Amino acid sequence: MNERKKIKAADFFILALSVAAIALAFYKLPKKSQQGKTLVIRSEAGEEVHSLETDATYRIEGPLGTSVIRVEEEKVFFEESPCPNKNCVLSGALELSGDWAACLPNRVFISIEGKEKNQTDAVSG
């Protein structure tokens with residue numbers, strides 16, 4: 001009862017296909033998590049993703065007018081907004097992954113996503 005199993009062409013094809021699928025999955029992983037924190041701006045016009053490493057000002061149109069979002073020293077905040085009570089402007093600067101702010105009347109949402117520069121995970125910590 002000493003039977004040896006032989007690798008057939010179909011087995012080799014399935015193995016090669018599996019390896020290619022895994023390699024493609026790793027290749028297609030989002031690059032932003034490797035680059036550190038990113039700013040995500042969501043509005044009625046869609047979604048924008050920007051680096052927090054470059055100071056910039058973004059003007060986002062909403063139903064009430066233009067919300068001005070500013071990135072400065074890797075922090076982001078609502079600089080101006082056409083909403084009546086300005087809660088979004090008063091919310092202050094965001095700087096950590098997971099922080100968010102929104103101007104609900106103007107339908108603009110900002111958040112910070114990605115890893116902190118010196119963040120450790122369960123494996124390396």
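Modeller: I begin with Asn87, which lies in helix H2 (residues 87-90). Helices (H or I, at least four residues) and strands (E, at least two) are DSSP runs, numbered from the N terminus. The model is a predicted one, in which local features need pLDDT of at least 70 and side-chain atom pairs count only at pLDDT 80 or more, while totals for chains, interfaces and linings use all residues. Residues are numbered from 1 along each chain as its sequence is written, and side-chain values use heavy atoms, with hydrogens and water left out.

Asn87 counts as partly exposed because its relative accessibility is 48%; buried means under 20% relative accessible area, exposed over 50%, and partly exposed in between (1.4 Å probe, protein chains only). Asn87 and Ala102 are 15 residues apart in sequence, and their C-alpha atoms are 8.5 Å apart in space.

Now to the salt bridges. A salt bridge is a side-chain nitrogen of Lys or Arg within 4 Å of a carboxyl oxygen of Asp or Glu. The whole structure holds five of them. In one, Arg42 pairs with Glu47, and the closest N and O atoms are 3.0 Å apart. In another, Arg42 pairs with Glu113, with 3.2 Å between the closest N and O atoms. This second pair links distant parts of the chain: Arg42 belongs to strand E1 (residues 38-43) and Glu113 to strand E7 (residues 108-113), 71 residues apart. Arg42 is partly exposed because its relative accessibility is 30%, and Glu113 is partly exposed because its relative accessible area is 24%.

The side chains of Glu44 and Arg107 also meet in a salt bridge, at 2.6 Å from N to O. Glu44 lies in the loop between E1 and strand E2 (46-51), and Arg107 in the loop between strand E6 (100-103) and E7, so the pair ties together parts that are 63 residues apart in sequence. Both Glu44 and Arg107 are exposed. Salt bridges with shared partners join Arg42, Glu47 and Glu113 into one network.

Lastly, there is a nonpolar patch on the surface, formed by Phe13, Ile14 and Leu17, with about 340 Å² of accessible area together. Patches consist of residues with over 30% relative accessible area and no salt bridge; like charges are joined within 9 Å, and nonpolar side chains (Val, Leu, Ile, Met, Phe, Trp, Tyr) within 5 Å. Accessible areas come from the Shrake-Rupley method with a 1.4 Å probe, and for residues only the protein chains shown count as cover. Phe13 is found in helix H1 (residues 9-27) and is exposed because its relative accessible area is 56%.
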